[in-house]
Amino acid sequence: MKAPEQSILYRYDTQLLIEGEDLDEDEIRDYITDNFVGDSLVAAGDDELIKIHFHTNEPWKVLEYCRTLGEIYDIVVEDMDRQSRGLKG
């Protein structure tokens, strides 16, 4: 079965929380912007808890990076292309 053509530029809505010490939302935002392809980035929180929201085609790379910063949890990766076609994401 052939995969349907993707209609969304950055397919995966990637969301998670990072819990750690001395976290810096500006540094995290800059690193993600400089090293990963995507859009709609939000990195917000304080020095112990950061919420990440990012649209990308390679969510596993974002998860790998965030894991180097602390414990990651409440991880959600939704396929927005599937959702736009009326399917469960």
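Which residues in helix α2 (residues 59-67) are buried? The views below come from a predicted model.

**View 1. The buried face of α2.** Pro59, Val62, Leu63, Tyr65 and Cys66 are the buried residues of this helix. Seen down the axis of α2, they fall within an arc of 165°, so they line one face of the helix. An α-helix has 3.6 residues a turn, so residues three or four places apart point the same way. Exposed Glu64 and Arg67 sit on the face of α2 turned away from the buried side. The buried residues pack against β1 (12-19), α1 (25-35), β3 (49-56) and β4 (71-79).

**View 2. The largest nonpolar core.** This core holds 15 residues. Those with the most contacts inside it are Leu16, Ile18, Ile28, Ile32, Ile50, Ile52 and Cys66. Two or more residues come from each of β1, α1, β3 and α2. The largest share, four residues, is given by α2.

View 3. Four strands run in the order β2-β3-β1-β4, with antiparallel pairing. β2 (38-45) and β4 are the edge strands, each pairing on one side only. Neighbouring strands are turned by 10° against each other on average, direction ignored. α1 packs on the sheet and touches β1, β2 and β3. The direction of α1 makes about 165° with that of β2. α2 lies across β1, β3 and β4, at about 170° to β4.

**View 4. Ile18 and the β1-β4 pairing.** β1 and β4 pair in the antiparallel sense over seven bridges. Ile18 stands opposite Ile72 in β4. Beyond its neighbours within four places in sequence, Ile18 contacts residues including Leu23, Ile28, Ile50, Ile52, Cys66 and Leu69.

Terms used
Residues numbered from 1 in each chain as written. Predicted model: local features only at pLDDT ≥ 70, side-chain atom pairs only at ≥ 80, totals over all residues. Heavy atoms only, no water. Buried < 20%, exposed > 50% of the residue type's maximum accessible area, 1.4 Å probe, protein only. Arc of directions from axis to C-beta. Contact = heavy atoms within 4.5 Å. Core = buried A, V, L, I, M, F, W, Y, C linked by side-chain atoms within 4.5 Å. Pairing = 2+ DSSP bridges. Axes fitted to C-alpha atoms, helices over the stretch in contact; angles between N-to-C directions.
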